[in-house]
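The sequence and structure come first, then the contacts.

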Amino acid sequence: MNSRQTSRSRAGRPDRSASAGKSPLAPEHLAQRPLEVPPAGEIPEIPVRSPTRHPFLYRKRLGTFDRRGRHGDLVRLVLQDGEPFGYGLFNPRSEITVRLLTTQPDPPGESWWRERIADAVAFRRDVLKLDEQTNAYRLVHAEGDGLPGVVVDRLGDVLSVEVFSLAGFQRVDALLKLLTAAAGVEDYVVRCGPQTLDQEGFSAEPFGSSGLRPTSIIEEQGVRFRIDHQAGHKTGFFCDQRDNRRRLSELTAGRTVLDACCYTGGFALYAAVRGEAAEVTGVDLDESAIETAKGNANLNQAKMRFVHADAFAYLRDMLRNERRYGVIVLDPPKFIRNREEHETGRQKYFDLNRLAMQLVEPGGWLLTCTCSGLLPVREFQQTVAAAVPPGRTARIVDRTGAAADHPIAANCLETEYLQALWVRLD
C-alpha cells in the first residue's frame with residue numbers, strides 16, 4: 001500500500017516537521033529482523049555514564065559506542081564500573097540513542113516481547129473491558145506498555161501500527177505475528193511517525209497486509225465511523241478522545257454545538273447522535289477529512305453541517321456575524337512540535353481560545369484540548385485562563401486527558417500528552 005505522500009496535521013495543515021535536508025538511511029538498514037537474541041558474544045556493549053530508569057537514553061548519557069553496534073541492534077548496557085544495567089535498542093543517528101527495554105539480567109528475546117504484548121492486550125480486554133464498549137481502541141501505547149517506539153490501535157478487524165523508532169520498524173514483521181495472534185485479527189497497516197526522518201534518520205512508505213480493505217467501519221459507544229486505512233492521519237482514528245467524546249455528549253442536549261477542528265467528526269457526531277444537540281457544525285481545513293465526516297454523518301443518519309475552512313478564520317467570521325453556541329470544542333493539531341515552536345505555539349492556543357470564548361453563550365461550555373506534550377499542564381491552564389475575554393468570567397471545572405487505554409508510564413511522564421480543559425463561561 002502506498003498512501004499519502006505528505007503527512008498532514010489534524011486540521012489539515014501539511015506537517016513540515018521532517019528535516020528535508022537530512023539523508024535517510026540506505027534501504028539495507030531497514031531490513032526486517034527477528035526477535036531472537038543474538039549469541040552473547042555478538043551483542044554490542046555500551047557504557048551508561050549517567051544511569052536513569054527513563055526509557056530514553058540520550059547520547060550525552062552514554063559512553064563510547066561499541067564499534068560492532070549497527071543501526072537498530074539490541075545492545076547490552078553496563079555502568080562505568082562494569083556492572084550490568086540492562087538491554088536496549090540502539091540507533092546512533094538519533095539523539096535518543098538507546099531505547100531501554102529492560103534492566104533485568106537476561107536479554108529480551110521473543111518470549112519477552114510476547115509477554116509484553118499479551119499483558120497489553122489483557123489490560124484492554126480483562127481490566128478495561130473495552131470490547132464491551134467499542135471495537136476501536138489503543139492496543140499498545142509504546143512506553144506506556146513497556147514497548148518503546150511503537151503504538152498499535154485496533155480499528156475493527158484491522159491493526160493500525162505507527163512506528164517511531166528505527167529498531168521498531170526493523171522488527172515490525174515479527175511483532176505483527178505476535179500482535180495479530182494476540183488480537184485475533186489478520187489484517188494490518190503500518191506507518192512511520194511523521195518525524196522519523198528528522199528524529200531517527202530513516203523514512204519508509206506505508207504498507208499493509210494483502211487482505212487489507214481500503215476502509216472499514218468501527219463502532220464506539222453506539223456511534224459509527226468509517227476508517228480510511230490509506231489516507232487517515234496517524235493510526236487513522238483518535239481513540240484517545242473516547243471518554244471525552246462521551247462526556248461532551250452529556251452536555252449538548254438542545255444546544256447548538258461547534259466542533260472547530262473536527263477531523264472526521266468525532267465530537268460533532270457524538271453531540272448529534274448521543275447528545276441530542278439541536279444543531280451541530282463541524283469545521284476542518286482538511287477537505288478529505290470533511291468528506292469522510294459527511295459520510296460518517298450519513299452512516300449514523302445524523303443531520304449536521306460540515307464546513308471546509310480554517311478554524312481561526314471561521315471563528316472570526318462567526319464573531320462578525322454575532323453567532324453564539326452553547327458548546328464549542330477545540331481539538332486542534334499539535335501547535336508545538338519542538339522547543340523552538342514553544343512560544344509561537346502557545347500564542348496560537350491563546351488566540352484560538354480567545355476567539356472561541358467570545359462565541360460561547362452565557363452558561364455555555366468550552367472543551368479545549370492540546371496534544372502538545374511540550375506544553376506543561378500548568379502553562380496550558382494559564383494560557384486558557386489568560387484568553388478569557390474582558391467582561392466575562394470563566395471556571396475551569398475539570399481537567400481530563402487520554403482514555404485509559406493510553407496509560408502513562410511512571411518512568412516516562414511524557415506519555416501523558418493529551419490535556420482537555422472543561423471550561424464554563426458565565
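D73 is buried, at a relative accessible area of 6%; buried stands for under 20% relative accessible area, exposed for over 50%, and partly exposed for the range in between (1.4 Å probe, protein chains only). The model is predicted, with local features needing pLDDT of at least 70 and side-chain atom pairs counting only at pLDDT 80 or more, while totals for chains, interfaces and linings use all residues. Residues are numbered from 1 along each chain as its sequence is written, and side-chain values use heavy atoms, with hydrogens and water left out.

**Salt bridges**

D73 is joined to R70 by a salt bridge, the closest N and O atoms being 3.6 Å apart. The term requires a side-chain nitrogen of Lys or Arg within 4 Å of a carboxyl oxygen of Asp or Glu. R70 is exposed, at 52% relative accessibility, whereas D73 is buried. By this rule the count comes to 24 salt bridges.

| Pair | Closest N to O distance |
|---|---|
| R70 and D73 | 3.6 Å |
| D426 and R395 | 3.3 Å |

E291 and K294 both belong to helix α7 (residues 287–299) and sit three residues apart, about one turn of the helix. Helices (H or I, at least four residues) and strands (E, at least two) are DSSP runs, numbered from the N terminus. E291 is partly exposed, with a relative accessible area of 46%, and K294 is also partly exposed, at 34% relative accessibility.

For D426 and R395, the salt bridge has its closest N and O atoms 3.3 Å apart. D426 lies in the segment after β19 (419–425) and R395 in strand β18 (residues 394–400), so this pair ties together parts that are 31 residues apart in sequence. D426 is partly exposed, with a relative accessible area of 36%, and R395 is partly exposed, with 48%. Elsewhere, salt bridges that share partners join E220, R242, R245 and D405 into one network.

**Aromatic rings**

How many aromatic pairs does a search of the whole structure find? The search finds ten. Rings of Phe, Tyr and Trp (its six-membered ring) pair if their centres lie within 6.5 Å; planes under 30 degrees apart count as stacked, over 60 as edge-to-face and the rest as tilted.

F169 and F207 form an edge-to-face pair, at 6.4 Å centre to centre and 85 degrees between the planes. F169 is in helix α2 (residues 166–170) and F207 in strand β10 (residues 207–208), so the pair ties together parts 38 residues apart in sequence. F169 is buried, at 7% relative accessibility, whereas F207 is partly exposed, at 22%.

The ring centres of F335 and Y349 are 4.7 Å apart and the planes are at 55 degrees, so this pair is tilted. The pair links distant parts of the chain, 14 residues apart: F335 is in the loop between β16 (325–330) and α9 (342–357), and Y349 is in helix α9. F335 is buried, with a relative accessible area of 7%, and Y349 is buried as well, with 1%. Ring pairs link F312, F335, Y349 and F380 into a cluster.

**Charge over a ring**

R247 lies over the face of W422, at 4.7 Å from the ring centre. A charge sits over a ring if NZ of Lys or CZ of Arg is within 6 Å of the ring centre and within 35 degrees of the ring normal.
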